[in-house]
Amino acid sequence: MRVLTWPVVVSAVLAAGWSTAETPEQPAAGRDVVARLVAAQRAAVDASPRLRAERAGLTADGAALRREAAAGTPFLEWQSEGMGGSNRKPNAADYLRVGTPINLPGQIGKARTVVRNAESWLVTAGDMASLAIAAEVGRRWLDVAAALELEALSEARLSRLDDALNLQEARFQLGEIAGTEVRQLDLEHISESSRLAGLRADVEIAEAALRELCGAGWGEVRRGDLEALTAISTPPEELDVTNSALEEGPVLRLAAGDAELERSAARLSSATAWGRAEIDAEWERVPGSDGFPAYDAWGFRLTVPLPIGAAGHRQREEARARADAADAGLDVARLEALRSAQEAGAVVRGATDRLRALEPAMNGLPEVVHSLAEQFRLGAISYLAYIDGLSRFDRIVEETIDARRTLLRARLDLAVLLGDSTIFPLPGPDAQEED
């Protein structure tokens, strides 16, 4: 995000909400930065090794939950008797059994609920993992944008110092000023050159962090993107951070899914505290003996656990505690989400107020800087006054850059909490792969 245009239209902070549609109200610069940002987010969702690892882990967790809901593994057993010695005994018998554990009527519904909740949770958790990666791309994108803004500011300051230093050296050659004045300005130039080198390194570091997530699809962050993004999101006074809005957001939907899955697993654990039933069928080959002919026999067996024993009672206690913990955990998640939303909303309002306060100075800054440079060129002010004036003006620009980044980070947090891409650009569900 390369930005350093001196005029800043801070009133654009109150512009209409972001949309992927090309509307007349949305400036071309806004559509362009949104397209590049969302493309980078989609690239990260598609290619991030971290996301692939998270999805694989979620798949494993979902499979483990469905396995716990299953009654068990069917078995096949063959038993042959009378194998001692060189020949089988004439009365040796053979048995073949086929059986399987089963869920009893009181367990079947609970097992199905666990499976259904696990499948729903898997989809929600996968969506949230993709959204988290997209949000991280957004944060790193803003870091690059701010670093580029500061780099551009330093470059502009260094260019002005170059002009001032050339002017001072010419005056020194004419004997109008002392060499110490040239030296002092030269030291200021050296200091700014060093600072610019550090800022360029910051840009490279921020871009490397963005490339780590997005790979080759990270796109290009340009100067001007920070200002453009600031201008196209929902005004803070229009943000809905009520409990009902948060409940519809992905963060609390995942928390609710976690809690419901934990409760259903606890109910199944309680229902199977003393084990599961088993049923099997048996075929027996009875050999002939004492004139009685051989014959085949079929039999069936049903094993039902008895609800007695301390182990089962302790498992039920554990299940009740897990269900209570799930309820409390969801309440905690709701409180944390509301607090986070309120904090982000306060940051949005504070950053917006900062930009409004900076707007008068920023709107007239180019003329003031030009006037200051002319006064110095004509000798109306000293180099100390010129440097001090430039530093004051640059602090205004730095404050604006920081306020924009702070505003956009808070908007991004709100967008994730509320699941609303009008607050900050985020990719739609079509960017998320099916597990």
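**Helix packing and confidence in the predicted model**

Helices H3 and H4 are roughly antiparallel to each other, a class assigned to angles over 145 degrees, whereas angles under 35 degrees count as roughly parallel, 65 to 115 as roughly perpendicular and the rest as oblique. The model is predicted, so that local features need pLDDT of at least 70 and side-chain atom pairs count only at pLDDT 80 or more, while totals for chains, interfaces and linings use all residues. Residues are numbered from 1 along each chain as its sequence is written, and side-chain values use heavy atoms, with hydrogens and water left out.

The axes of H3 (residues 105–173) and H4 (residues 179–214) come within 8 Å and cross at roughly 160 degrees. Axes here are lines fitted to C-alpha atoms, for helices over the stretch in contact, and angles run from 0 to 180 degrees between N-to-C directions. Helices (H or I, at least four residues) are DSSP runs numbered from the N terminus. The crossing of H3 and H4 is left-handed, that is, the near helix is turned anticlockwise from the far one by less than a right angle. The contact of H3 with H4 comprises 22 nonpolar, 5 polar and 17 charged residues. In this classification Ala, Val, Leu, Ile, Met, Phe, Trp, Tyr, Cys and Pro are nonpolar, Asp, Glu, Lys and Arg are charged, and the others, Gly among them, are polar.

H3 also packs with H7, at an angle of about 155 degrees and with the axes 8 Å apart. H3 is therefore roughly antiparallel to H7. This crossing, too, is left-handed. The residues in the contact of H3 with H7 are 14 nonpolar, 7 polar and 5 charged.

Gly-30 lies in helix H1 (residues 28–47). Its relative accessibility is 1%, and Gly-30 therefore counts as buried (under 20% relative accessible area, with a 1.4 Å probe and protein chains only). Leaving aside residues up to four places away in sequence, Gly-30 touches Ala-228 and Ile-232, contact being defined as heavy atoms within 4.5 Å. The C-alpha atom of Gly-30 is 9.8 Å from that of Gly-224, a residue 194 places apart along the chain.

The mean pLDDT (the predictor's confidence in each residue, from 0 to 100) of the protein chain is 82, and 86% of its residues reach 70 or more. Over residues 1–25 pLDDT stays under 50, and the model has 92 contacts beyond four places in sequence for them. Residues 430–435 are likewise below 50, with 15 contacts in the model beyond near neighbours in sequence.

Note on methods
Helix = DSSP H or I, 4+ residues; strand = E, 2+ residues; numbered from the N terminus. Buried < 20%, exposed > 50% of the residue type's maximum accessible area, 1.4 Å probe, protein only.
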